[in-house]
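Please have a look at the sequence and the model before I go on.

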Amino acid sequence: MNRVFRVVYISPTTTRNEGGARVAADLENLIQQNVDEGWQYEGVETISTWVQGSRGCFGFGATPGYSNSLQMVVFSRNNA
């Protein structure tokens, strides 16, 4: 039996009034939806990436590069 994985990108956002409650509810719903489809929740991973800057047009509008963090939810199941 092979183990297969599903990785889902999430981009949680909230407002000052909502705090983390909506983000937690959204994550809970995502986990439950995948569990209902037969996937096992493994955890949340943060992946750090580097976004290249732009040289612009003749230097005008140039933007610097920056680091970015992406959140991924990992699920797995046995592949029969």
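Let me begin with the word contact, which means heavy atoms within 4.5 Å. With that in hand we can look at Met-1, which touches Asn-78, Asn-79 and Ala-80, where residues up to four places away in sequence are not counted. Before I say more, a word on where this comes from: this is a predicted model, in which local features need pLDDT of at least 70 and side-chain atom pairs count only at pLDDT 80 or more, while totals for chains, interfaces and linings use all residues. Residues are numbered from 1 along each chain as its sequence is written, and side-chain values use heavy atoms, with hydrogens and water left out.

Met-1 counts as exposed because its relative accessible area is 80%, and here buried means under 20% relative accessible area, exposed means over 50%, and partly exposed is in between, with a 1.4 Å probe and protein chains only. If we look from Met-1 to Asp-36, the two are 35 residues apart in sequence, and their C-alpha atoms are 21 Å apart in space.

Now let us turn to the interior. A nonpolar core is a set of buried Ala, Val, Leu, Ile, Met, Phe, Trp, Tyr and Cys residues joined through side-chain atoms within 4.5 Å. Which residues make up the largest nonpolar core? There are six in all, namely Ile-10, Leu-30, Ile-31, Trp-39, Val-73 and Phe-75. Helix H1 (21-36) and strand S3 (66-79) are the elements that give two or more residues to this core. As background, nonpolar side chains in soluble globular proteins tend to be buried together.

Phe-75, which lies in strand S3, counts as buried because its relative accessibility is 0%. With residues up to four places away in sequence left out, the contacts of Phe-75 include Val-4, Phe-5, Leu-30, Ile-31, Trp-39 and Tyr-41. By contrast, the C-alpha atoms of Phe-75 and Gln-52, which are 23 residues apart along the chain, are separated by 30 Å.

Phe-75 also brings us to the aromatic rings. Rings of Phe, Tyr and Trp (its six-membered ring) pair if their centres lie within 6.5 Å, and planes under 30 degrees apart count as stacked, over 60 as edge-to-face, and the rest as tilted. By this rule the count comes to one aromatic pair. Tyr-41 and Phe-75 form this edge-to-face pair, with 6.1 Å from centre to centre and 65 degrees between the planes. The pair links distant parts of the chain, since Tyr-41 is in strand S2 and Phe-75 in strand S3, 34 residues apart. Strand S2 covers residues 40-51, and Tyr-41 is partly exposed, with a relative accessible area of 34%.

My last topic is charge. A salt bridge is a side-chain nitrogen of Lys or Arg within 4 Å of a carboxyl oxygen of Asp or Glu. How many salt bridges does the structure hold? There are four. One of them joins Glu-42 and Arg-3, whose closest N and O atoms are 3.5 Å apart, and this pair links distant parts of the chain, with Glu-42 in strand S2 and Arg-3 in strand S1, 39 residues apart. Another is formed by the side chains of Arg-6 and Glu-37, at 3.0 Å from N to O. Because Arg-6 lies in strand S1 and Glu-37 in the loop between H1 and S2, this pair ties together parts that are 31 residues apart in sequence.

Within helix H1 we find Arg-22 and Asp-26, four residues apart, which is about one turn of the helix. Their salt bridge has its closest N and O atoms 3.7 Å apart. Arg-22 counts as partly exposed at 32% relative accessibility, and Asp-26 is also partly exposed, with a relative accessible area of 41%. Finally, salt bridges that share partners join Glu-18, Arg-22 and Asp-26 into one network.
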